[in-house]
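Thanks for coming. I will go through one model today, residue by residue where that helps, and I will give each term its cut-offs when it comes up.

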Amino acid sequence: MTATTGQRPDLRITLRRPGDALPRASIGTVPILWNNVDLAELRHGTDPATILDEMARTGYEGTQLGIGFPEGTDLRDALAARRLRLAEVYLSIPATVDGPTPDAPSIARERLRLARDGAAEILTVALDLSPGREERAGRAAADGTPVLTVDGFDALVAHIHDVAREALDAGRPTAFHPHGGTFIETPDEIRRLADRLDPALVGICLDVGHVTVGGGDPVGMLGELGRRVTQVHLKDVDRDVLGGLRDGTLGGFGDAVRSRLFTELGAGVVDLDGVIETLARRDYDGWLMVEQDSGWGPPAESAAIGRRMLAGALHRAGSAGSAREDGA
(Lines give C-alpha, C1' and ligand atoms only; values in the text may rest on other atoms or scores of the structure.)
Protein backbone atom coordinates (compact mmCIF):
# COMPACT_ATOMS: atom_id res chain seq x y z
CA MET A 1 0.00 0.00 0.00
CA THR A 2 1.35 3.42 -0.88
CA ALA A 3 1.01 6.50 1.28
CA THR A 4 -1.19 8.25 -1.25
CA THR A 5 -4.27 7.41 -3.20
CA GLY A 6 -4.13 9.60 -6.30
CA GLN A 7 -3.28 13.04 -4.95
CA ARG A 8 -4.80 12.42 -1.53
CA PRO A 9 -2.83 10.99 1.40
CA ASP A 10 -4.02 7.59 2.56
CA LEU A 11 -5.07 8.26 6.16
CA ARG A 12 -4.84 4.56 6.96
CA ILE A 13 -1.10 5.11 6.80
CA THR A 14 -0.63 8.73 7.85
CA LEU A 15 -2.75 8.35 11.00
CA ARG A 16 -0.60 5.39 12.10
CA ARG A 17 2.59 6.89 13.48
CA PRO A 18 5.72 5.00 14.58
CA GLY A 19 5.55 4.34 18.30
CA ASP A 20 1.76 4.48 18.54
CA ALA A 21 0.10 1.97 20.83
CA LEU A 22 -1.62 -1.15 19.46
CA PRO A 23 0.26 -1.39 16.16
CA ARG A 24 -1.13 -4.92 15.59
CA ALA A 25 -4.77 -3.91 16.07
CA SER A 26 -7.00 -3.24 13.05
CA ILE A 27 -9.23 -0.17 12.92
CA GLY A 28 -12.71 -0.28 11.43
CA THR A 29 -16.04 1.46 11.67
CA VAL A 30 -19.71 0.52 11.57
CA PRO A 31 -22.17 1.65 8.86
CA ILE A 32 -24.95 2.16 11.42
CA LEU A 33 -23.78 5.80 11.47
CA TRP A 34 -25.00 6.16 7.88
CA ASN A 35 -28.03 3.86 8.03
CA ASN A 36 -29.30 2.92 11.48
CA VAL A 37 -30.29 -0.73 11.68
CA ASP A 38 -32.90 -0.32 14.42
CA LEU A 39 -34.52 3.04 13.63
CA ALA A 40 -35.53 3.62 10.02
CA GLU A 41 -36.03 7.36 10.51
CA LEU A 42 -32.31 7.72 11.30
CA ARG A 43 -31.20 6.24 8.00
CA HIS A 44 -29.60 8.72 5.62
CA GLY A 45 -30.22 6.44 2.66
CA THR A 46 -26.56 6.52 1.68
CA ASP A 47 -25.74 3.83 -0.87
CA PRO A 48 -23.19 1.16 0.12
CA ALA A 49 -20.58 2.25 -2.44
CA THR A 50 -20.55 5.76 -1.01
CA ILE A 51 -20.35 4.45 2.56
CA LEU A 52 -17.35 2.30 1.70
CA ASP A 53 -15.68 5.19 -0.14
CA GLU A 54 -16.14 7.44 2.89
CA MET A 55 -14.81 4.80 5.27
CA ALA A 56 -11.65 4.38 3.21
CA ARG A 57 -11.22 8.13 2.74
CA THR A 58 -11.49 8.87 6.46
CA GLY A 59 -8.87 6.31 7.42
CA TYR A 60 -10.56 3.01 8.24
CA GLU A 61 -9.34 -0.45 7.36
CA GLY A 62 -12.56 -2.40 7.68
CA THR A 63 -16.31 -2.39 8.16
CA GLN A 64 -19.18 -4.30 9.66
CA LEU A 65 -21.69 -5.63 7.14
CA GLY A 66 -24.32 -2.95 6.59
CA ILE A 67 -27.85 -2.58 5.30
CA GLY A 68 -28.04 -3.15 1.56
CA PHE A 69 -24.41 -4.18 1.20
CA PRO A 70 -23.68 -6.63 -1.62
CA GLU A 71 -23.00 -10.25 -0.73
CA GLY A 72 -20.39 -12.86 -1.48
CA THR A 73 -18.03 -12.18 -4.37
CA ASP A 74 -19.59 -8.78 -5.09
CA LEU A 75 -18.93 -7.67 -1.52
CA ARG A 76 -15.39 -9.02 -1.49
CA ASP A 77 -14.65 -7.23 -4.75
CA ALA A 78 -16.14 -3.95 -3.49
CA LEU A 79 -14.01 -4.13 -0.36
CA ALA A 80 -10.84 -5.13 -2.19
CA ALA A 81 -11.23 -2.22 -4.60
CA ARG A 82 -10.98 0.10 -1.59
CA ARG A 83 -8.42 -1.97 0.36
CA LEU A 84 -11.00 -2.62 3.06
CA ARG A 85 -11.78 -5.83 4.96
CA LEU A 86 -15.05 -7.22 6.29
CA ALA A 87 -14.28 -7.04 9.99
CA GLU A 88 -17.53 -8.53 11.24
CA VAL A 89 -21.06 -9.64 10.59
CA TYR A 90 -23.43 -8.75 13.43
CA LEU A 91 -26.06 -11.20 14.63
CA SER A 92 -28.95 -10.05 16.86
CA ILE A 93 -30.60 -12.90 18.76
CA PRO A 94 -34.33 -12.32 19.42
CA ALA A 95 -35.15 -13.27 23.00
CA THR A 96 -37.72 -13.14 25.78
CA VAL A 97 -37.28 -13.88 29.47
CA ASP A 98 -37.42 -17.54 28.46
CA GLY A 99 -34.37 -17.26 26.25
CA PRO A 100 -33.88 -17.18 22.47
CA THR A 101 -37.07 -17.37 20.43
CA PRO A 102 -37.78 -20.37 18.14
CA ASP A 103 -36.62 -18.49 15.04
CA ALA A 104 -33.21 -17.66 16.53
CA PRO A 105 -31.35 -20.64 14.96
CA SER A 106 -32.53 -19.83 11.43
CA ILE A 107 -31.62 -16.16 11.87
CA ALA A 108 -28.17 -17.20 13.09
CA ARG A 109 -27.58 -19.52 10.14
CA GLU A 110 -28.40 -16.73 7.67
CA ARG A 111 -26.01 -14.29 9.33
CA LEU A 112 -23.33 -16.96 9.43
CA ARG A 113 -23.85 -17.57 5.71
CA LEU A 114 -23.27 -13.89 5.06
CA ALA A 115 -20.14 -13.97 7.22
CA ARG A 116 -18.78 -16.99 5.41
CA ASP A 117 -19.61 -15.73 1.92
CA GLY A 118 -18.22 -12.28 2.61
CA ALA A 119 -15.06 -13.57 4.34
CA ALA A 120 -15.89 -11.76 7.58
CA GLU A 121 -13.17 -12.04 10.19
CA ILE A 122 -15.51 -12.44 13.16
CA LEU A 123 -19.15 -13.16 13.94
CA THR A 124 -20.36 -10.64 16.51
CA VAL A 125 -23.34 -11.92 18.50
CA ALA A 126 -25.69 -9.90 20.69
CA LEU A 127 -29.23 -10.07 21.98
CA ASP A 128 -31.81 -8.03 20.13
CA LEU A 129 -33.71 -5.27 21.89
CA SER A 130 -36.52 -6.83 23.93
CA PRO A 131 -39.79 -5.34 25.22
CA GLY A 132 -39.43 -4.65 28.91
CA ARG A 133 -35.67 -4.23 28.64
CA GLU A 134 -35.60 -1.62 25.88
CA GLU A 135 -37.61 0.72 28.11
CA ARG A 136 -35.22 0.07 31.04
CA ALA A 137 -31.98 0.75 29.19
CA GLY A 138 -29.61 2.72 31.37
CA ARG A 139 -31.43 1.74 34.55
CA ALA A 140 -31.68 -2.02 34.12
CA ALA A 141 -30.32 -2.73 37.61
CA ALA A 142 -33.44 -1.17 39.17
CA ASP A 143 -36.08 -3.33 40.82
CA GLY A 144 -38.83 -4.57 38.52
CA THR A 145 -36.65 -4.93 35.42
CA PRO A 146 -37.42 -8.16 33.53
CA VAL A 147 -34.55 -10.66 33.63
CA LEU A 148 -33.90 -14.03 32.05
CA THR A 149 -35.35 -16.95 33.95
CA VAL A 150 -32.95 -19.67 35.06
CA ASP A 151 -34.03 -21.84 32.15
CA GLY A 152 -33.93 -18.85 29.80
CA PHE A 153 -30.35 -18.08 30.78
CA ASP A 154 -29.33 -21.71 30.27
CA ALA A 155 -31.03 -21.69 26.86
CA LEU A 156 -29.15 -18.54 25.88
CA VAL A 157 -25.79 -20.03 26.84
CA ALA A 158 -26.57 -23.20 24.89
CA HIS A 159 -27.68 -21.20 21.84
CA ILE A 160 -24.55 -19.04 21.82
CA HIS A 161 -22.38 -22.15 22.07
CA ASP A 162 -24.28 -23.78 19.20
CA VAL A 163 -23.83 -20.69 17.03
CA ALA A 164 -20.14 -20.44 17.93
CA ARG A 165 -19.53 -24.10 17.05
CA GLU A 166 -21.15 -23.63 13.64
CA ALA A 167 -19.12 -20.46 13.10
CA LEU A 168 -15.90 -22.21 14.09
CA ASP A 169 -16.67 -25.02 11.65
CA ALA A 170 -16.98 -22.29 9.00
CA GLY A 171 -13.63 -20.80 10.04
CA ARG A 172 -15.10 -17.80 11.85
CA PRO A 173 -14.50 -16.93 15.51
CA THR A 174 -17.39 -15.59 17.61
CA ALA A 175 -17.58 -12.78 20.16
CA PHE A 176 -20.57 -11.90 22.32
CA HIS A 177 -21.51 -8.20 22.55
CA PRO A 178 -23.40 -7.01 25.67
CA HIS A 179 -25.92 -4.35 24.63
CA GLY A 180 -28.18 -1.76 26.25
CA GLY A 181 -31.88 -2.54 26.17
CA THR A 182 -31.30 -6.31 26.19
CA PHE A 183 -31.10 -9.06 28.78
CA ILE A 184 -27.30 -8.78 28.92
CA GLU A 185 -26.61 -5.14 29.77
CA THR A 186 -25.45 -4.62 33.37
CA PRO A 187 -21.99 -5.49 34.71
CA ASP A 188 -23.44 -8.36 36.75
CA GLU A 189 -25.20 -9.76 33.69
CA ILE A 190 -21.99 -9.50 31.67
CA ARG A 191 -19.99 -11.27 34.38
CA ARG A 192 -22.58 -14.00 34.77
CA LEU A 193 -22.63 -14.74 31.04
CA ALA A 194 -18.84 -14.55 30.68
CA ASP A 195 -18.48 -17.07 33.50
CA ARG A 196 -20.72 -19.54 31.64
CA LEU A 197 -19.36 -19.10 28.11
CA ASP A 198 -16.56 -21.39 26.97
CA PRO A 199 -13.60 -19.10 26.21
CA ALA A 200 -12.35 -21.59 23.65
CA LEU A 201 -15.56 -21.00 21.68
CA VAL A 202 -16.69 -17.45 22.46
CA GLY A 203 -14.81 -14.25 23.11
CA ILE A 204 -16.28 -11.01 24.43
CA CYS A 205 -16.87 -7.99 22.23
CA LEU A 206 -16.69 -5.17 24.74
CA ASP A 207 -18.57 -2.11 23.54
CA VAL A 208 -17.37 0.64 25.85
CA GLY A 209 -20.46 2.76 25.15
CA HIS A 210 -22.93 0.02 26.00
CA VAL A 211 -20.97 -0.92 29.11
CA THR A 212 -21.26 2.71 30.19
CA VAL A 213 -25.01 2.79 29.51
CA GLY A 214 -25.38 -0.40 31.55
CA GLY A 215 -23.77 1.24 34.57
CA GLY A 216 -20.30 -0.26 34.17
CA ASP A 217 -16.77 1.11 33.96
CA PRO A 218 -15.27 0.16 30.59
CA VAL A 219 -11.67 0.43 31.80
CA GLY A 220 -12.39 -1.71 34.82
CA MET A 221 -14.32 -4.24 32.77
CA LEU A 222 -11.49 -4.52 30.26
CA GLY A 223 -9.09 -5.19 33.11
CA GLU A 224 -11.44 -7.71 34.68
CA LEU A 225 -12.14 -9.68 31.50
CA GLY A 226 -8.58 -9.45 30.21
CA ARG A 227 -7.89 -11.68 27.23
CA ARG A 228 -11.50 -12.83 27.13
CA VAL A 229 -12.03 -9.56 25.20
CA THR A 230 -11.31 -10.44 21.58
CA GLN A 231 -13.07 -7.50 19.95
CA VAL A 232 -13.71 -3.88 20.99
CA HIS A 233 -16.37 -1.39 19.87
CA LEU A 234 -15.42 2.20 20.61
CA LYS A 235 -18.32 4.58 21.09
CA ASP A 236 -18.75 7.58 23.35
CA VAL A 237 -21.80 8.50 25.40
CA ASP A 238 -23.36 11.94 25.77
CA ARG A 239 -23.53 12.88 29.45
CA ASP A 240 -26.88 14.72 29.33
CA VAL A 241 -28.68 12.12 27.24
CA LEU A 242 -27.38 9.37 29.50
CA GLY A 243 -28.73 11.31 32.47
CA GLY A 244 -32.16 11.49 30.82
CA LEU A 245 -32.10 7.77 30.22
CA ARG A 246 -31.21 7.01 33.81
CA ASP A 247 -33.76 9.34 35.41
CA GLY A 248 -36.59 8.19 33.13
CA THR A 249 -36.96 11.45 31.23
CA LEU A 250 -36.27 9.44 28.09
CA GLY A 251 -38.54 6.49 27.53
CA GLY A 252 -35.96 3.92 26.50
CA PHE A 253 -33.04 3.00 24.30
CA GLY A 254 -34.69 4.09 21.06
CA ASP A 255 -35.58 7.51 22.42
CA ALA A 256 -32.04 7.93 23.68
CA VAL A 257 -30.53 7.06 20.29
CA ARG A 258 -32.89 9.55 18.65
CA SER A 259 -31.51 12.14 21.10
CA ARG A 260 -27.96 11.16 20.07
CA LEU A 261 -27.04 9.09 23.12
CA PHE A 262 -23.90 8.01 21.31
CA THR A 263 -21.65 10.84 20.25
CA GLU A 264 -18.28 11.32 18.58
CA LEU A 265 -15.27 9.85 20.39
CA GLY A 266 -13.90 12.42 22.81
CA ALA A 267 -17.20 14.29 23.16
CA GLY A 268 -18.73 12.15 25.89
CA VAL A 269 -18.03 10.48 29.22
CA VAL A 270 -15.99 7.46 28.11
CA ASP A 271 -12.33 7.46 29.18
CA LEU A 272 -10.89 6.73 25.74
CA ASP A 273 -7.29 7.13 26.90
CA GLY A 274 -7.89 4.70 29.75
CA VAL A 275 -9.43 2.17 27.37
CA ILE A 276 -6.51 2.34 24.94
CA GLU A 277 -3.91 2.23 27.70
CA THR A 278 -5.55 -0.87 29.19
CA LEU A 279 -5.59 -2.60 25.81
CA ALA A 280 -1.98 -1.56 25.17
CA ARG A 281 -0.82 -3.26 28.37
CA ARG A 282 -1.95 -6.59 26.92
CA ASP A 283 -0.82 -5.78 23.37
CA TYR A 284 -4.36 -6.22 22.04
CA ASP A 285 -4.32 -7.25 18.38
CA GLY A 286 -8.02 -7.49 17.47
CA TRP A 287 -10.38 -5.04 15.82
CA LEU A 288 -11.07 -1.57 17.19
CA MET A 289 -14.47 -0.68 15.71
CA VAL A 290 -15.35 3.01 15.96
CA GLU A 291 -19.12 3.18 16.22
CA GLN A 292 -21.82 5.82 16.57
CA ASP A 293 -25.48 4.89 16.20
CA SER A 294 -26.59 8.35 15.10
CA GLY A 295 -25.24 11.86 14.79
CA TRP A 296 -26.39 15.42 14.27
CA GLY A 297 -24.08 16.12 11.33
CA PRO A 298 -23.06 14.31 8.15
CA PRO A 299 -21.97 10.73 8.92
CA ALA A 300 -18.60 11.06 7.20
CA GLU A 301 -17.74 14.01 9.44
CA SER A 302 -18.50 12.02 12.58
CA ALA A 303 -16.52 9.07 11.22
CA ALA A 304 -13.55 11.33 10.52
CA ILE A 305 -13.71 12.84 14.02
CA GLY A 306 -13.80 9.38 15.58
CA ARG A 307 -10.79 8.22 13.58
CA ARG A 308 -8.79 11.33 14.49
CA MET A 309 -9.65 11.03 18.18
CA LEU A 310 -8.60 7.39 18.16
CA ALA A 311 -5.35 8.32 16.43
CA GLY A 312 -4.63 10.83 19.20
CA ALA A 313 -5.36 8.29 21.93
CA LEU A 314 -3.12 5.69 20.28
CA HIS A 315 -0.31 8.23 20.02
CA ARG A 316 -0.63 9.34 23.65
CA ALA A 317 -0.69 5.76 24.90
CA GLY A 318 2.36 4.89 22.80
CA SER A 319 4.25 7.93 24.05
CA ALA A 320 3.34 7.13 27.66
CA GLY A 321 4.53 3.56 27.24
CA SER A 322 7.83 4.72 25.76
CA ALA A 323 8.30 7.16 28.65
CA ARG A 324 7.72 4.36 31.18
CA GLU A 325 10.26 2.15 29.42
CA ASP A 326 12.83 4.95 29.31
CA GLY A 327 12.35 5.55 33.01
CA ALA A 328 12.56 1.88 33.97
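**A buried alanine in a loop**

Ala 25 counts as buried, because its relative accessibility is 4%. Buried here means under 20% relative accessible area, exposed means over 50%, and partly exposed is in between, with a 1.4 Å probe and protein chains only. Before I go on: this is a predicted model, in which local features need pLDDT of at least 70 and side-chain atom pairs count only at pLDDT 80 or more, while totals for chains, interfaces and linings use all residues. Residues are numbered from 1 along each chain as its sequence is written, and side-chain values use heavy atoms, with hydrogens and water left out.

Back to Ala 25. This residue lies in the loop between α1 (11-14) and β3 (26-29). Those labels come from DSSP runs, numbered from the N terminus: helices are H or I with at least four residues, and strands are E with at least two. Ala 25 and Gln 231 are 206 residues apart in sequence, but 9.8 Å apart in space, C-alpha to C-alpha.

**Strands**

Now take strand β8, residues 123-127. Is it buried or exposed? Five of its five residues are buried, so β8 is largely enclosed by the rest of the structure.

Which strands pair with β8? Two strands pair if DSSP finds at least two bridges between them. β5 and β8 pair in the parallel sense over five bridges, and Ile 93 has Leu 127 of β8 as its bridge partner. β8 is also joined to β9 by three bridges, again running parallel. There, Thr 124 has Ala 175 in β9 as its bridge partner.

Three bridges join β9 (residues 174-176) to β10, and the two run parallel. For β10, residues 202-207, six of the six residues are buried, so this strand is largely enclosed by the rest of the structure. Val 202, Ile 204 and Leu 206 are buried on one side of β10, and Gly 203, Cys 205 and Asp 207 on the other.

**Two positive phi values**

Most residues other than glycine have a negative phi. Arg 83 is not a glycine, yet has a positive phi of about 55°. Arg 83 is in the loop between α3 (72-81) and β5, and is partly exposed at 36% relative accessible area. Ala 119 has a positive phi near 60°. Ala 119 sits in the loop between α4 and β8, and its 37% relative accessibility makes it partly exposed.

**Rings**

How many aromatic pairs does a search of the whole structure find? The search finds one. Phe 253 and Phe 262 form that pair, which is tilted, with 6.2 Å centre to centre and 55° between the planes. By the rule, rings of Phe, Tyr and Trp (its six-membered ring) pair if their centres lie within 6.5 Å; planes under 30 degrees apart are stacked, over 60 edge-to-face, and the rest tilted. Both Phe 253 and Phe 262 are buried.

Phe 262 has a charge over its ring as well: the charged end of Lys 235, 4.1 Å from the ring centre. To count, NZ of Lys or CZ of Arg must be within 6 Å of the ring centre and within 35 degrees of the ring normal. The charged end of Arg 260 sits over the ring of Trp 296 in this sense, 4.0 Å from its centre.

**The largest pocket**

Last, the open space. A pocket is an open set of points on a 1 Å grid over the protein atoms alone, with protein on both sides within 12 Å along at least five of seven lines; lining residues have an atom within 4 Å of a point. The largest pocket has a volume of about 440 Å³, where points are joined across faces, edges and corners and the volume is the space filled by probe spheres set on them. It has 27 lining residues, and the closest to its centre are Val 37, Gln 64, Tyr 90, Ser 92 and Arg 111. β5 (85-93) and α4 (104-118) each supply at least two residues of this lining.

That is the end of the talk.

Definitions and conventions: On a 1 Å grid over the protein atoms alone, a cavity is a set of points where a 1.4 Å probe fits but cannot get out, and a pocket is an open set with protein on both sides within 12 Å along at least five of seven lines; lining residues have an atom within 4 Å of a point.
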